[in-house]
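Dear colleague,

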Amino acid sequence: MKLREVKIEDANFLFKTKQDKEFQKYLPDMLIPKTLKEEEKEIKDAIRLSKKEQWFYFILEEKNERIGYVDIYKINKKHKRCSVGYGIAKKHCNKGYATKALKLALTKIIELKLHTIEATTNPKNIVSQRVLLNNGFTKIGLMKDYYYSKGKYIDRILYWKVI
Ligand SMILES: CC(C)(COP(=O)(O)OP(=O)(O)OC[C@H]1O[C@@H](n2cnc3c(N)ncnc32)[C@H](O)[C@@H]1OP(=O)(O)O)[C@@H](O)C(=O)NCCC(=O)NCCS
């Protein structure tokens with residue numbers, strides 16, 4: 001199992017993965033690309049920003065099969081801080097892949113000499129919170145009304161890790 005940097009050829013896989021209703025259940029809709037074109041734009045942005053070490057978007061692969069993704073974003077070199085996000089294609093869920101993908105991302109974060117990592121989840125996303133706890137993140141607390149989407153506020157839980 002390995003992480004590799006995203007390529008434009010991954011657009012179909014990422015778009016299809018994110019279109020699944022189960023996948024979207026706990027995600028704010030502004031994080032879901034509406035069209036394949038939007039997904040391709042996101043990939044192009046990620047490739048461009050990876051050159052400046054501002055955003056790393058990785059595909060998790062096993063035996064050349066795409067399993068999911070993990071990204072390192074909001075990279076703040078001054079304070080040595082970043083955020084992480086991840087997603088696993090539905091047919092590969094519940095096999096420990098997200099836990100391993102985040103572990104591999106932590107290795108990259110250490111290589112980048114960053115010191116602290118933030119992750120936020122929907123409070124009902126128990127599985128995602130297990131992935132964070134399994135990787136040594138600490139629950140900080142509820143961020144009430146963090147997002148405003150489609151006329152309503154959405155809470156998030158903040159998790160934190162010091163390397
Ligand atoms: C959240 C997500 C990444 C998890 O991926 P995954 O590969 O299935 O996760 P893992 O198999 O590594 O770990 C799942 C953990 O949740 C636990 N779990 C699974 N179902 C559960 C349930 N119903 N209740 C409680 N725990 C549960 C598993 O036992 C495992 O924990 P453990 O290793 O301590 O036993 C995946 O469901 C996903 O992509 N969801 C949509 C996108 C998303 O929510 N991303 C995160 C945004 S913050």
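**Surroundings of the ligand**

Helix α5 supplies the largest share of the shell around the ligand, namely six residues. Please bear in mind that this is a predicted model.

The ligand has 22 residues around it, and those that come nearest are Gly87, Cys93, Ala98, Thr99 and Arg130.

What is the make-up of the shell by class? Eleven of its residues are nonpolar, nine are polar and two are charged.

**The protein chain as a whole**

The protein chain contains five helices and seven strands. Followed along the sequence, these elements are arranged in the pattern β-α-α-α-β-β-β-α-β-α-β-β.

As to overall dimensions, the C-alpha trace spans about 40 × 40 × 30 Å along its principal axes. The radius of gyration of the protein chain is 15 Å, which agrees with a compact globule, because a globule of 163 residues would have a value near 15 Å.

Two further figures describe how the protein chain is packed. Of its 163 residues, 28% are buried. Among contacts with a separation of 6 or more, 56% are between residues 24 or more positions apart.

Yours sincerely

How values were computed: Residues numbered from 1 in each chain as written. Predicted model: local features only at pLDDT ≥ 70, side-chain atom pairs only at ≥ 80, totals over all residues. Near = placed C-beta within 6 Å. Helix = DSSP H or I, 4+ residues; strand = E, 2+ residues; numbered from the N terminus. Nonpolar A, V, L, I, M, F, W, Y, C, P; charged D, E, K, R; others polar. Rg over C-alpha atoms; globule rule 2.2 N^0.38 Å. Buried ≥ 20, exposed ≤ 12 C-beta atoms within 10 Å, placed from the backbone. Contact = placed C-beta atoms within 7 Å.
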